[in-house]
Every structure is written in structure tokens, then in C-alpha cells.
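Subject: Handover of a protein structure

Dear colleague,

Please find below the structure that I am handing over to you. I would ask you to keep it open while you read the notes.

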Amino acid sequence: MGRDIGLIVLDIDGTIAGTNNTVAQPVRQAVAAAKARGIRIAIATGRMYRSACRFHYDIAADMPLSAYQGALVKEPESDRVHRHWSLPLDIASELIQQLEPTNFVVHVYIDDNLYLKELNPLSQAYAERSQVPINLLSDLGSELTLEPTKILAMADDPAPIERLLAQAREQFPPERLYLTKSVPTFFEATHPEVNKGRAVRYLAEELLGLTPENVLCVGDSHNDIEMLEYAGVGVAMGNAASDVQAHANWIAPTIEQHGVAAAIEEFTL
């Protein structure tokens with residue numbers, strides 16, 4: 001079912017990278033085949049920029065990389081920053097002060113560096129998967145002098161994250177913070193203007209002069225919902241939660257079954 005797709009935007013975790021943290025050969029081949037037909041390729045992820053760059057090169061993406069849900073849109077080849085929305089200091093400090101007395105592990109991202117209060121197993125596993133160094137700050141709230149790009153709270157279990165999300169949405173309405181989950185155990189907060197849908201719209205409309213109908217987006221989590229809704233073809237992975245799949249036009253096979261390759265084949269080749 002060929003469509004006039006001019007841009008493909010892919011999430012990383014749970015979409016092009018599974019538990020082994022690498023991109024499978026069938027996915028690489030499908031992306032290369034789409035590129036050979038003149039389709040532009042981009043990544044949109046909740047990950048840090050420095051953690052996402054290797055995936056950008058791995059699939060030979062040729063559009064700016066949207067990291068931190070699109071809070072930072074930057075070109076790895078030239079280091080050109082297209083957009084960067086950071087959290088106002090007062091709101092960031094307010095959120096951190098709410099989180100610090102709790103049992104959540106709090107990550108603060110400033111200038112593409114990861115800061116936390118103390119080493120813990122969750123953060124160490126995260127840093128290992130992300131391949132980024134950890135920086136320690138004894139008091140995240142009071143030592144904050146630069147605006148963070150993102151604040152993340154982590155737990156061992158999805159249930160407290162759900163409760164935190166519900167509470168935070170009451171305290172921080174959408175005009176103050178964009179709140180989402182990239183995985184069920186990650187609570188993520190960014191500038192209210194930020195989401196992957198806006199990042200994809202920027203790439204498509206501002207940089208390429210395309211319309212939503214020309215865009216194919218593939219994702220698996222709650223932070224992908226806005227880009228799935230924006231795209232003319234929004235594809236949710238087979239491993240996505242049902243409330244994410246509800247926002248998609250098409251459900252791909254799972255990541256283990258190379259769902260991204262199936263989606264590219266279905267809609268572009």
C-alpha cells in the first residue's frame with residue numbers, strides 16, 4: 001500500500017531498539033530501502049541527545065535528531081541546534097523539591113549531562129544502557145542554577161509512577177509542564193511546549209514543506225502519542241500498551257518481529 005511518504009520518524013526504545021539496545025539488521029535494511037526512494041529519516045526519543053546519537057548514525061538518519069521528547073532538536077553532523085526548550089528554573093525547582101523527599105530516583109538533565117543526588121542501582125543501569133556518565137549534585141533543588149532540559153523520576157514499579165503522574169498533573173497543568181511516560185517506570189517532565197508531535201511537525205512542515213499526510217511515525221509508548229496523532233500514518237508497535245495503540249492507524253508486529261521493517265514495507269515500499 002504505497003503512500004506519498006516523505007518523512008519517517010522513529011522512536012528508539014521499544015521501537016528500533018529492544019532489550020539488547022541495538023538495531024536489528026532487517027530494520028536497518030528497511031530504513032535504507034526507504035532512503036533509497038528519497039524518503040527522509042529522523043529519530044524522536046525521550047533519551048538524552050548524546051545517548052541517541054549512535055542510533056541516528058546506526059540507521060543513517062538524515063534529519064535533525066529530536067531528543068528529550070523534542071525539547072532539543074539538533075543535527076549530529078553539524079552540531080546545529082534547531083530548537084531547545086528548557087524548564088524555567090522556578091518550575092524545575094518546585095518539581096524537584098516535591099520529588100526529593102519521596103522514594104523516587106530523580107534525574108535532572110542540564111546541557112545534555114545527567115545529574116543525580118546519589119548513586120543507586122536504577123541510575124547505574126540507566127547510565128549503562130544510555131552509555132552516559134553520571135554527575136552527582138548533593139542538593140538537586142538548591143544547586144540548580146541552569147535551566148534543565150528534562151526532569152525524570154524513576155521507580156522499580158509502574159504503580160507509583162502512575163500515582164505520581166496523576167498528582168503532578170493536578171499541580172502542574174499543561175501550560176506549566178508537559179508530563180509523560182517513556183516507559184511505565186519513568187515519569188518525565190519537560191517545557192509545556194514540548195512533545196514529539198511538535199518536533200515532528202517542525203521537521204515535516206518547517207524544514208521539508210510536507211503535510212502530516214506525508215509523514216510516517218512509529219512508536220510504542222505514551223510519549224509517542226502526540227506524534228502518532230500528528231502523522232498521516234501513525235504506527236504503534238505490537239509491543240505497545242493498548243492505550244497507545246488506540247492512537248495509531250496501524251499496529252505493527254512487535255520489536256522482536258521487526259515491526260518497524262513491516263511498517264516501512266507496508267506504507268512506503
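This is a predicted model: local features need pLDDT of at least 70, side-chain atom pairs count only at pLDDT 80 or more; totals for chains, interfaces and linings use all residues.

Residues are numbered from 1 along each chain as its sequence is written, and side-chain values use heavy atoms, with hydrogens and water left out.

The whole protein

The protein has 9 helices and 14 strands; these are DSSP runs numbered from the N terminus, helices being H or I with at least four residues and strands E with at least two. Its radius of gyration is 18 Å, which agrees with the value near 18 Å for a compact globule of 269 residues. That radius is taken over C-alpha atoms, and the globule rule is 2.2 Å times the number of residues to the power 0.38. Along the principal axes, the C-alpha atoms fill a box of roughly 55 × 35 × 30 Å.

Of the 269 residues, 55% are buried. Buried means under 20% relative accessible area, exposed means over 50%, and partly exposed lies in between (1.4 Å probe, protein chains only). Among contacts with a separation of 6 or more, 58% join residues 24 or more positions apart; a contact means heavy atoms within 4.5 Å.

Helix α9 (residues 259-268) is mostly covered, with 7 of its 10 residues buried. These are G259, V260, A261, A263, I264, F267 and T268. They pack against β1 (7-10), α1 (25-36), β12 (215-219), β13 (233-236) and β14 (250-251).

In helix α3 (residues 89-99), the buried residues are I91, A92, S93, L95, I96 and L99. Their cover includes β6 (105-110), β9 (150-154), α5 (158-171) and β11 (186-190).

Residues in loops

Is Q69 buried or exposed? Q69 is buried, with a relative accessible area of 0%. This residue is found in the loop between β3 (65-67) and β4 (72-74). Leaving aside neighbours within four places in sequence, the residues in contact with Q69 include T45, G46, K150, Y178, E188 and N223.

H222 is found in the loop between β12 and α7 (225-230). Not counting residues up to four places away in sequence, H222 touches T180, K181, A241, D243 and V244. The side chains of H222 and D243 are joined by a polar contact of 2.8 Å. A polar contact is a pair of N or O atoms within 3.5 Å; within protein, one must be able to donate a hydrogen and the other to accept it, and residues adjacent in sequence count only if both atoms are side-chain atoms.

Two residues with positive phi

Most residues other than glycine have a negative phi. D111, which is not a glycine, has a positive phi of about 55°. D111 lies in the loop between β6 and β7 (113-116) and is exposed, with a relative accessible area of 62%. H258, also a residue other than glycine, has a positive phi near 55°. H258 lies in the loop between β14 and α9 and counts as partly exposed at 27% relative accessibility.

Yours sincerely
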